[in-house]
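Good morning, and thank you for the time.

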Amino acid sequence: MKTILQAFEWYLPSDSQHWNNIKENIPDLGKLGFSGLWLPPASKAASGVEDVGYGTYDLFDLGEFDQKGTIPTKYGTKDEYLDLINTLHHNNIEVYADIVFNHMMGADETETIEADIKAEDNHLHNIENNKTVEVWTKFTFPGRQGKYDNYIWTWHNFTGIDYDERKNQEEILEFEGHEWDENVDSENNNFDYLMGADLDFSVSETVEQLEKWGHWFSEMTKIDGFRLDAIKHIDFKYFDKWLEQRAKQLDRKLFIVGEYWSDDLGKLEYYLEQSSDRIQLFDVPLHFNMKEASSTNGEFDMRTLFDHTLTASQPARTLGHFC
């Protein structure tokens with residue numbers, strides 16, 4: 001049985017001291033019985049130290065390069081991050097990295113391309129075809145100057161975005177020659193697109209870059225597992241191979257939990273059917289049951305707490321999420 005601490009919250013101060021603060025509290029965490037820590041995204045994000053980490057800018061910058069107005073991330077520097085992981089391991093506490101592969105944000109340059117405008121409530125419905133747009137999709141990472149990886153991301157790596165710089169207009173744009181992934185959540189008729197520049201997992205270079213980063217990151221950190229962000233928006237089969245490679249690389253079973261934010265039990269069960277058996281899911285229906293139980297002034301029937309939950313239907317592949 002694992003007892004995992006979500007070792008961050010959204011409104012932490014933007015002082016780049018979080019890695020150091022956790023390190024100072026490691027003895028107490030061990031006494032409290034935590035077997036693992038879920039750490040926030042460590043890569044440089046679009047809003048620099050003000051970014052919680054989910055607006056991924058440069059996966060290879062863990063707080064090492066002067067980018068987005070800062071060297072450290074909101075949580076600290078690369079050296080502090082690696083020191084924290086090493087110290088946790090020495091105290092027999094596992095570490096799980098939060099990774100964000102669905103999108104990238106904060107591009108360095110724009111590109112002018114053709115795209116179709118999609119309806120907000122139906123991402124398969126065209127409002128306008130073949131519109132010329134200017135989009136923020138070129139990632140050159142000038143502060144890193146090619147260290148670790150010299151790949152330049154362009155619009156070819158992405159399926160779409162939600163902003164046309166030319167007209168200063170927000171709209172969902174699907175790029176010419178690209179299509180939303182089909183094996184994703186059915187909300188909005190297709191919920192591939194969430195935010196930012198949406199990664200296209202049918203493009204071989206995109207997949208190769210994520211594999212290259214995964215190998216680099218895992219080799220350096222010796223991480224114990226991953227929390228996968230926004231998986232309802234990513235092809236349900238994508239992580240099978242990526243996680244298989246990480247397990248082979250590290251030569252051990254990794255702890256994997258995915259965030260599929262839906263209280264529809266059927267959707268969660270379908271994802272588990274489609275994906276690798278390495279992946280567990282947060283029990284979002286249980287989260288909402290507990291929320292209701294805590295906010296109805298004692299009127300909630302506690303005998304029904306586990307009704308229609310993943311814990312009841314798939315106990316071996318779920319993680320209770322009580323925050």
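I begin in a loop: H308 lies between α7 (284-293) and α8 (310-313). Helices (H or I, at least four residues) and strands (E, at least two) are DSSP runs, numbered from the N terminus. This is a predicted model, in which local features need pLDDT of at least 70 and side-chain atom pairs count only at pLDDT 80 or more, while totals for chains, interfaces and linings use all residues. Residues are numbered from 1 along each chain as its sequence is written, and side-chain values use heavy atoms, with hydrogens and water left out.

Is H308 buried or exposed? H308 has a relative accessible area of 65%, so it is exposed; the cut-offs are under 20% for buried, over 50% for exposed and partly exposed in between, with a 1.4 Å probe and protein chains only. Apart from neighbours within four places in sequence, H308 is in contact with L265 and P285, where contact means heavy atoms within 4.5 Å. Between the C-alpha atoms of H308 and Y238, 70 residues apart along the chain, the separation is 27 Å.

With 5% relative accessibility, H233 counts as buried. Setting aside residues up to four places away in sequence, H233 touches N102, V184, F191, D192, Y193 and L194.

Just after α5, D251 takes a positive phi of about 55°.

Next, the core. A nonpolar core is a set of buried Ala, Val, Leu, Ile, Met, Phe, Trp, Tyr and Cys residues joined through side-chain atoms within 4.5 Å. The largest one here has 77 residues, and those touching the most other members are L39, Y81, F101, F226, F239 and W242. Helix α5 (residues 238-250) gives this core its largest share, five residues. As for L39, its contacts beyond four places in sequence include W19, Y81, L84 and Y96.

Two packed helices are described by the angle between their axes and the distance between the axes. For helix α3 (residues 78-90) and helix α4 (residues 204-221), the axes come within 10 Å and cross at roughly 55°. Axes are lines fitted to C-alpha atoms, for helices over the stretch in contact, and angles run from 0 to 180 degrees between N-to-C directions.

Six strands form an open sheet in the order β6-β11-β9-β10-β7-β8, with antiparallel pairing; two strands pair if DSSP finds at least two bridges between them. At the edges are β6 (103-104) and β8 (122-138), each pairing on one side only. Strand β7 (residues 109-119) is joined to β8 by 10 bridges, and the two form a hairpin with two residues between them. K118 has N126 as its bridge partner in β8, and E111 has V135. Four bridges link β7 to strand β10 (residues 169-175), where F175 is the partner of A115.
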